[in-house]
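Welcome! Please take a moment to look over the sequence and the structure below before reading on.

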Amino acid sequence: MTFNLKSLFAGLVLGGLSSLNGAEAPRPNIVLILCDDLGYADVGFNGSKDITTPHLDALAKGGTIFSSAYVTHPFCGPSRMGLLSGRYPHAFGAPFNISHAGGEVLDGIPVSETLMGNVLQSAGYYTGAVGKWHLGYKPEFHPNKRGFDDYYGFLGGGHMYFPEKFEAIYARQKKSGKKTFNDYILPLEHNGKEVKETEYITDALSREAVRFVKEASAKDDPFFLYLAYNAPHSPLEALPEDMAKFPEIKDEKRKIYAGMVYAVDRGVGRLVESLKESGEYENTLIVFLSDNGGKLSLGGNNFPLSQGKGSTKEGGFRVPMFFHWPKNVPAGKCYEYPVSALDFYPTFSHLAGAKTPEGKKLDGKNIWADFFAGKSPRPGGLIYALRYRNGLSEVSARQDEWKIYRYANTPWKLFNLDRDISEKKDLSAKHPERVKAMVAEAKKWSETHTEPQWFDTPLVEKNWKDTGMPKYERLFQVK
């Protein structure tokens with residue numbers, strides 16, 4: 001890659017993006033690394049006591065940790081759709097996972113939503129996606145049609161990790177005459193063509209990320225890589241040598257989970273090495289986070305947060321995160337103000353000198369200037385989470401240090417997260433007017449929602465209709 005071309009174009013489109021040393025920074029490469037169901041306390045840089053993540057910790061130490069980072073939803077599909085679209089998934093009818101248990105699936109993130117990859121691609125970036133997609137199966141929803149020049153991975157919501165296992169199941173079912181298959185056993189693909197994978201899936205995705213960097217670094221354009229690991233999402237499957245790194249962990253699920261996280265860390269180490277070898281490390285913004293909280297029943301640890309994946313308590317959608325970009329992102333710092341995965345779209349667009357399409361709605365903010373100034377990017381603004389379960393809703397909203405929370409028909413609760421990160425002390429009785437004002441804002445937010453365009457299962461859809469969901473008038477009442 002020709003560094004001078006990047007620098008020249010950066011001066012033309014950005015006109016003033018500055019690095020820490022005062023020099024004008026070129027448009028960075030952007031590497032967005034997303035884990036699946038990784039717990040808040042399952043990486044060393046965020047306090048893990050038993051799982052070691054040396055490569056991630058080194059990046060976090062050389063960059064800035066975000067201690068109040070949130071995603072757009074407490075489980076997989078909607079969270080990823082929110083991240084890549086820059087909008088809450090409820091706004092375009094995507095609060096449920098796209099399910100694919102073997103039948104034809106027609107649904108996917110609306111083509112009317114211009115995704116992050118599209119915008120960066122239009123700005124001259126060479127774009128790649130590796131790993132889990134979960135945004136739709138039909139050709140119009142394919143990564144190659146949604147802003148990614150290169151794609152290697154699987155389109156569904158999960159996958160088995162050992163090729164010798166899933167290939168055998170797939171071959172047996174195909175030989176028996178079966179026409180449709182579960183996501184978790186399907187062959188992986190590269191740009192729409194099936195490939196025969198031979199490596200443990202996490203290692204395979206890391207390998208492909210390295211390949212992309214090598215190919216991208218030979219071009220004149222900057223690049224954007226979306227590396228979406230499915231680890232440590234179920235099924236719990238780890239390499240024996242990775243589990244052996246944790247002899248002190250006795251719980252079987254936790255031990256397998258630790259091995260899966262260690263494989264991600266090892267892969268990130270390979271990716272960083274490839275960035276250094278290609279001369280791209282110094283001008284690459286690396287962002288790392290999870291798509292939602294850890295699943296407690298499958299080895300995840302969200303300490304000190306309450307609950308986990310699926311919940312709108314902190315453990316469900318507050319995630320570990322850091323930014324790393326040598327000489328541009330402060331090293332050894334912790335940024336404590338609330339930020340959202342919604343903020344990536346406008347922030348990355350700013351760094352890339354990209355133009356948001358006319359009419360495109362964004363729910364996040366460009367946080368870059370406030371991040372460097374050590375200020376909140378949304379003083380008085382709210383970050384929301386809402387999920388539906390069995391005819392009931394669970395909702396929360398954070399405003400500065402305050403958070404309101406309600407499940408079903410229980411009373412609204414209020415927490416001061418700066419003093420009570422575990423959400424143990426309800427302060428609603430002391431601050432009823434604050435509760436009332438925050439609920440009113442949450443109700444306004446709900447008015448931007450549309451009816452779900454799909455459901456996890458037919459049973460969930462039937463339940464939604466039979467119970468008259470979403471019942472917002474009742475949900476957003478203050479008694």
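The report below walks through the cores, a strand and a pair of helices.

## A predicted model

Please keep in mind that this is a predicted model.

Let us begin on the inside. In soluble globular proteins, nonpolar side chains tend to be buried together. Here the largest nonpolar core has 83 residues, and Phe323 and Phe344 are the members that touch the most others. Strand β14, covering residues 382-389, supplies the largest share of this core, with six residues.

Which residues does Phe344 meet, once its neighbours within four places in sequence are set aside? Its contacts are Leu32, Leu83, Met116, Val287, Leu289, Met321, Phe323 and Ser349. Phe323, then, is a contact of Phe344 as well as being one of the two residues that touch the most other core members. There is also a second, separate core of 56 residues, and among its members are Ala263, Val264, Leu271 and Ile286.

Next, have a look at strand β5, residues 150-154. Five of its five residues are buried, so the rest of the structure largely encloses this strand. Both faces are covered: Asp150, Tyr152 and Phe154 are buried on one side, and Tyr151 and Gly153 are buried on the other.

Which strands pair with β5? Strand β4 (residues 126-132) pairs with β5 in the parallel sense over five bridges, and in one of these pairings Gly131 has Gly153 as its bridge partner. Strand β6 (residues 189-190) runs antiparallel to β5, and two bridges join them. There, the bridge partner of Tyr152 is His190.

## Helices α6 and α8

Two packed helices are described by the angle between their axes and the distance between the axes. For α6 and helix α8 (residues 252-277), the axes come within 9 Å and cross at roughly 10 degrees. Angles under 35 degrees count as roughly parallel, and therefore α6 and α8 are roughly parallel to each other. The crossing of α6 past α8 is right-handed. On the α6 side, the contact is made by Thr202, Asp203, Ser206, Arg207, Ala209, Val210 and Val213. On the α8 side, the residues include Ala263, Val264 and Leu271, which also belong to the second core.

## A closer look at Asp203

Asp203 sits in helix α6, residues 201-217. Is Asp203 buried or exposed? Its relative accessibility is 9%, and buried means under 20%, so Asp203 counts as buried. Leaving out residues up to four places away in sequence, Asp203 touches Leu239, Ala263, Arg266 and Arg270. Of these, Ala263, Arg266 and Arg270 are among the α8 residues in the helix contact.

Terms used:
Residues are numbered from 1 along each chain as its sequence is written. This is a predicted model: local features need pLDDT of at least 70, side-chain atom pairs count only at pLDDT 80 or more; totals for chains, interfaces and linings use all residues. Side-chain values use heavy atoms; hydrogens and water are left out. A nonpolar core is a set of buried Ala, Val, Leu, Ile, Met, Phe, Trp, Tyr and Cys residues joined through side-chain atoms within 4.5 Å. Buried means under 20% relative accessible area, exposed over 50%, partly exposed in between (1.4 Å probe, protein chains only). Helices (H or I, at least four residues) and strands (E, at least two) are DSSP runs, numbered from the N terminus. Contact means heavy atoms within 4.5 Å. Two strands pair if DSSP finds at least two bridges between them. Axes are lines fitted to C-alpha atoms, for helices over the stretch in contact, and angles run from 0 to 180 degrees between N-to-C directions. Angles under 35 degrees count as roughly parallel, over 145 as roughly antiparallel, 65 to 115 as roughly perpendicular and the rest as oblique. A crossing is left-handed if the near helix is turned anticlockwise from the far one by less than a right angle, and right-handed if clockwise.
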